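Subject: A structure for you to look at

Hi,

Here is the structure I promised to pass on. Please open it alongside this note and have a look around.

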Amino acid sequence: MSRLVPLPSPDEWTAEEDRLGFFGPDSVTWRIHADPAYHVGGLRALMLQALHPVAMDGVARNSTGFRDEWWMRMSRTGQYMETLTFGTRTEARRMAARVRGLHRQLSGVEETTGRAYRVDDPDLLLWVHACAVDSLLTTARRAGVPLTDDDADRYVAEQVAAARLVGVPLPAVPRSVAELDAYLEDIRPSLAATPAAVHGVRDLFLPPMPGWVQVLTPARPAWGTLATLGFATLPAWARRMYSLPGMALTDAAATGALKAVRKALVALPERTRWSPIARAGWERVAALDSVA
């Protein structure tokens, strides 16, 4: 069924298609990315992505002063994902072109493998894409988002559009859950928890925060909860690679905690849960419906 999902053209569209974006409100992508579980899935994706030695080296090597700009970097990553999802097609393509331009300038040599690379090497882009899709889908399903097997396949197929925008060669991109699972299984022998990966994941648990934020707001415990759930929902093999103490939640306990957190967040008004980019997308579509 996933192979029947039409791939939107990255170059040509009508004015209405532009305003709907590359996915639109009827897509599984909007359903998953607008759900509170999305934030846990995003952190899980970063933790999984870090296990590729070369991809992680690209992050670490090109992140001088990263701790000083930690929130800005995280914010830009979030804006990129949300613009591709909820932005117009023009906005999404412009954002993806900006990211591709940045990637073309970055390169290095990873010490443990000796591999010389560019950050925009197709296999690295595919790895980042696959981790994001797997993490967001897996987290949503475990959190209790109502998704059938066909919905899951459709989500993977819809995300081909995102992969194409960032420059992943189309023949390599998984288009079903089975293809995604097979890709992740095939790449496992080349993964490792390098010192850079462990350091990066620890930063996700304890990001730099101003003292007044930690004391006067619930930001630190709230972030810690999301990061802990992101780690706890990683595949068992990935958790074993990190071997971080104090992270021994069972799969059942992690799923239960994730469902409880989602239930609490879903009770909040949608407008308070959505980012400005997501709200703009829903408002833009509502305007289209009112004209129709």
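Below is what I found in it, from the whole chain down to single residues.

This is a predicted model, in which local features need pLDDT of at least 70 and side-chain atom pairs count only at pLDDT 80 or more, while totals for chains, interfaces and linings use all residues. Residues are numbered from 1 along each chain as its sequence is written, and side-chain values use heavy atoms, with hydrogens and water left out.

The overall picture

The protein has 17 helices and two strands; these are DSSP runs numbered from the N terminus, with helices being H or I of at least four residues and strands E of at least two. Of its 292 residues, 48% are buried, where buried means under 20% relative accessible area with a 1.4 Å probe, protein chains only. Contact means heavy atoms within 4.5 Å. Among the contacts with a separation of 6 or more, 74% are between residues 24 or more positions apart.

Helix α7 and its partners

Helix α7 covers residues 122-143. At 1.5 Å a residue its 22 residues should span 32 Å, and the end C-alpha atoms are 31 Å apart, which agrees; the expected span is 1.5 Å times one less than the number of residues. The helix is mostly covered, with 17 of its 22 residues buried. Just after α7, G144 has a positive phi of about 105°.

Its packing against α8 (residues 149-158) has an angle of about 155° and axes 10 Å apart. That makes the two helices roughly antiparallel. For reference, angles under 35 degrees count as roughly parallel, over 145 as roughly antiparallel, 65 to 115 as roughly perpendicular and the rest as oblique. Axes are lines fitted to C-alpha atoms, for helices over the stretch in contact, and angles run from 0 to 180 degrees between N-to-C directions. The crossing of α7 and α8 is right-handed; a crossing is left-handed if the near helix is turned anticlockwise from the far one by less than a right angle, and right-handed if clockwise. On the α7 side, V133, L136, L137 and R141 meet D149, A152, Y155 and V156 of α8.

With α10 (residues 177-187), α7 packs at about 125°, the axes being 11 Å apart, and the pair is therefore oblique. Here the crossing is left-handed. From α7 the contact takes in D123, L126, W127, A130, V133, D134 and L137, and from α10 V177, L180, D181, Y183, L184 and I187.

Helix α3 (residues 37-49) reaches 18 Å from its first C-alpha to its last, close to the 18 Å expected. Since 10 of its 13 residues are buried, α3 is largely enclosed by the rest of the structure. Leaving out residues up to four places away in sequence, L43 touches M74, L204, W223, L226 and A227.

A50 sits in the loop between α3 and α4 (53-61). With 4% relative accessibility, A50 counts as buried. Beyond residues up to four places away in sequence, A50 touches M56, A192, A197 and Y242. Its C-alpha is 8.1 Å from that of V198, 148 residues apart along the chain.

Best wishes

Notes
Buried means under 20% relative accessible area, exposed over 50%, partly exposed in between (1.4 Å probe, protein chains only).
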